[in-house]
Amino acid sequence: MSKGHRGKGIKDQVASGRGECPVCRRKGVKILYEQEAGEKKVKVCKICKAAIKHGKKSVV
């Protein structure tokens, strides 16, 4: 099973994939999941990705 969002797979990204989620504004979380916001793609955290998928949140 793939583990692309853990450890060695994210070391090459800026700050090892960590930052502030644009949806929930939490800091220091892994922002690895791409979501479409209009015409742009925005990276969000795992919890917001699931909430957007189920229609509980929307991308700003």
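Contact here means heavy atoms within 4.5 Å. The model discussed is predicted.

User: What share of the contacts in the protein chain with a separation of 6 or more comes from residues 24 or more positions apart?

Analyst: The count takes contacts in the protein chain with a separation of 6 or more. Within that set, residues 24 or more positions apart account for 21%.

User: Which pattern do the helix and strands follow along the sequence?

Analyst: The protein chain has four strands and one helix. Helix 1 covers residues 46–53. Read along the sequence, the pattern is β-β-β-β-α.

User: Is Cys-48 buried or exposed?

Analyst: Cys-48 is part of helix 1. Its relative accessible area is 1%. Buried means under 20%, so Cys-48 is buried.

User: Which residues does Cys-48 touch, not counting residues up to four places away in sequence?

Analyst: Cys-48 sits in helix 1, residues 46–53. Leaving out residues up to four places away in sequence, the residues that Cys-48 touches are Cys-21, Val-23, Cys-24 and Lys-57.

User: How far apart in space are Cys-48 and Gly-7?

Analyst: In sequence, Cys-48 and Gly-7 are separated by 41 residues. Taken C-alpha to C-alpha, their separation in space is 21 Å.

User: Which residues form the positive surface patch?

Analyst: One member, Arg-6, belongs to the segment before strand 1, where strand 1 is 18–19. Lys and Arg count as positive. The patch is formed by Lys-3, Arg-6, Lys-46, Lys-49 and Lys-53.

User: How far apart are the mean positions of the positive and negative charges of the protein chain?

Analyst: The protein chain carries 17 positive and 5 negative charges.

User: Why is Ser-16 classed as partly exposed?

Analyst: Ser-16 lies in the segment before strand 1, and its phi is near 55°, a positive value in a residue other than glycine. Buried means under 20% and exposed over 50%, with partly exposed in between. Ser-16 is partly exposed because its relative accessible area is 24%.

User: What is the phi of Arg-25?

Analyst: Arg-25 lies in the loop between strand 1 and strand 2, the latter being 29–30. Its phi is positive in a residue other than glycine, with a value near 65°.

Key:
Residues numbered from 1 in each chain as written. Predicted model: local features only at pLDDT ≥ 70, side-chain atom pairs only at ≥ 80, totals over all residues. Heavy atoms only, no water. Patch = residues over 30% accessible without salt bridge, like charges linked within 9 Å, V, L, I, M, F, W, Y side chains within 5 Å. Areas by Shrake-Rupley, 256 points an atom, 1.4 Å probe, with all protein chains shown as cover. Salt bridge = Lys/Arg side-chain N within 4 Å of Asp/Glu carboxyl O. Charge placed at Lys NZ, Arg CZ, Asp CG, Glu CD. Helix = DSSP H or I, 4+ residues; strand = E, 2+ residues; numbered from the N terminus. Buried < 20%, exposed > 50% of the residue type's maximum accessible area, 1.4 Å probe, protein only.
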